[in-house]
Structure formats: structure tokens, C-alpha cells
Amino acid sequence: MMNENKLQELAAGFREALRHSVYLVRRLDADGDLSAAQLSTLKMLLDDGVRVGEIARNLGVRVPSATEQIIKLERAGLARREPDPADSRAVRVILTAEGRAAVESANQRRNAVMAELLGELTEQDREALAAALPVIDKINASLQN
């Protein structure tokens with residue numbers, strides 16, 4: 001069993017790796033039409049849309065800042081606001097067809113760049129990364145709840 005100091009070291013190393021990963025992901029599509037924040041916002045909307053407050057929490061900003069981002073996406077025709085079917089007082093932000101196409105295009109470009117980077121790893125490193133993905137998903141899921 002891992003002691004508290006080792007857990008703290010692992011947590012610090014994991015957070016640092018995530019921070020650098022965020023920078024890497026932002027650079028994957030630097031020539032794309034969307035900023036990293038815009039693309040992150042659009043990706044949050046892929047399922048059934050999201051309330052503005054949740055977008056703000058996920059972006060780590062206040063609601064007015066998230067609203068500004070949403071207005072820009074609406075003006076670009078990539079997202080729209082509509083009443084939340086679960087709560088008539090609330091609004092959900094959803095993707096338009098153009099927004100979905102923009103996300104898919106950016107994903108294809110980013111995946112191609114990432115695949116190239118992963119291709120430079122050893123097979124053992126790729127297998128280790130693949131084995132770690134379910135653990136990372138579990139951590140992400142626990143933070144979502």
C-alpha cells in the first residue's frame with residue numbers, strides 16, 4: 001500500500017503531466033479556426049448540450065465569461081441556446097450542425113498529429129499508455145460527480 005508521501009508525490013507528478021498535456025493538446029491544432037477554449041466549449045456540447053453554469057465550471061471561469069464565449073460561438077453559427085426541457089427556467093447550449101462539423105474536423109486534425117507523436121514511441125510505451133487510459137477515465141469520472 002502506498003503511504004501518504006508517495007501518494008502526494010504521485011498526485012504532484014500526475015497533475016504536472018496533465019498540465020503539460022493541456023499545453024500539448026492546445027498546440028495540436030494551432031492553425032485551426034477555433035481557439036482551444038472555443039473547441040473545449042464545443043466539445044462539452046457534443047451530447048445533449050450543457051447549461052451555462054456547467055460550461056463555466058468546466059472551463060474554470062465565472063458564468064459571465066462563459067456567456068461571452070457562448071455568444072461568440074452563437075454568432076459564428078456553431079452553437080445555440082434553447083430552453084432546458086428538464087427545467088423551463090434554465091437554458092441549455094447545444095451544438096448546431098456547423099458546430100458538430102467544426103468539432104469533427106478539429107478532432108481529425110488533432111488525432112492525426114497525436115497519432116504521429118504516438119508512432120514515435122516504443123510499442124511498450126504505447127501499451128503502457130493504453131493501459132493507463134481506463135485509470136485516467138476513472139479519475140475523470142470521479143471528478144465529474
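Predicted model: local features only at pLDDT ≥ 70, side-chain atom pairs only at ≥ 80, totals over all residues.
**Overall picture**

Let's start with the chain as a whole. It contains six helices and three strands, and from the N terminus on these elements follow the order α-α-β-α-α-β-β-α-α. Along its principal axes, the C-alpha trace spans about 50 × 35 × 25 Å. Of the 145 residues in the chain, 22% are buried.

How confident is the predictor? The mean pLDDT of the chain is 90, and 97% of the residues reach 70 or more. Among the elements, the lowest mean pLDDT, 87, belongs to helix α1 (residues 4–28), while helix α4 (residues 63–75) has the highest, 94.

**Helix α4 and its two faces**

Which residues of α4 are buried? They are Ala 66, Gln 69, Ile 70 and Leu 73. Seen down the helix axis, these buried residues of α4 fall within an arc of 100 degrees, so they line one face of the helix. In general, an α-helix has 3.6 residues a turn, so residues three or four places apart point the same way. The face of α4 turned away from the buried side carries the exposed residues Pro 64 and Arg 75.

**Salt bridges**

Next come the charged pairs. Side chains of opposite charge can pair when their charged atoms come close. The count for this model comes to eight salt bridges.

| Pair | Distance, N to O |
|---|---|
| Arg 51 and Asp 87 | 3.9 Å |
| Glu 82 and Arg 80 | 3.7 Å |
| Glu 123 and Arg 126 | 2.8 Å |

Are its two partners buried or exposed? Arg 51 counts as partly exposed, at 34% relative accessibility, whereas Asp 87 is buried, with a relative accessible area of 17%; the cut-off for buried is under 20%. Arg 51 and Asp 87 also belong to a network of salt bridges that links them with Asp 84, Arg 89 and Arg 92.

In the pair of Glu 82 and Arg 80, Glu 82 is partly exposed at 29% relative accessibility, and Arg 80 is partly exposed as well, with a relative accessible area of 40%.

Glu 123 and Arg 126 both sit in helix α6 (residues 123–144), three residues apart, which is about one turn of the helix. Glu 123 is partly exposed, with a relative accessible area of 45%, and Arg 126 is partly exposed too, at 28%.

Met 2, Leu 7 and Leu 10 make a nonpolar surface patch of about 280 Å². Leu 10 has its place in helix α1, the element with the lowest mean pLDDT of the chain, 87.

Terms used:
Residues numbered from 1 in each chain as written. Heavy atoms only, no water. pLDDT = per-residue confidence, 0-100. Helix = DSSP H or I, 4+ residues; strand = E, 2+ residues; numbered from the N terminus. Patch = residues over 30% accessible without salt bridge, like charges linked within 9 Å, V, L, I, M, F, W, Y side chains within 5 Å. Areas by Shrake-Rupley, 256 points an atom, 1.4 Å probe, with all protein chains shown as cover. Salt bridge = Lys/Arg side-chain N within 4 Å of Asp/Glu carboxyl O. Buried < 20%, exposed > 50% of the residue type's maximum accessible area, 1.4 Å probe, protein only. Arc of directions from axis to C-beta.
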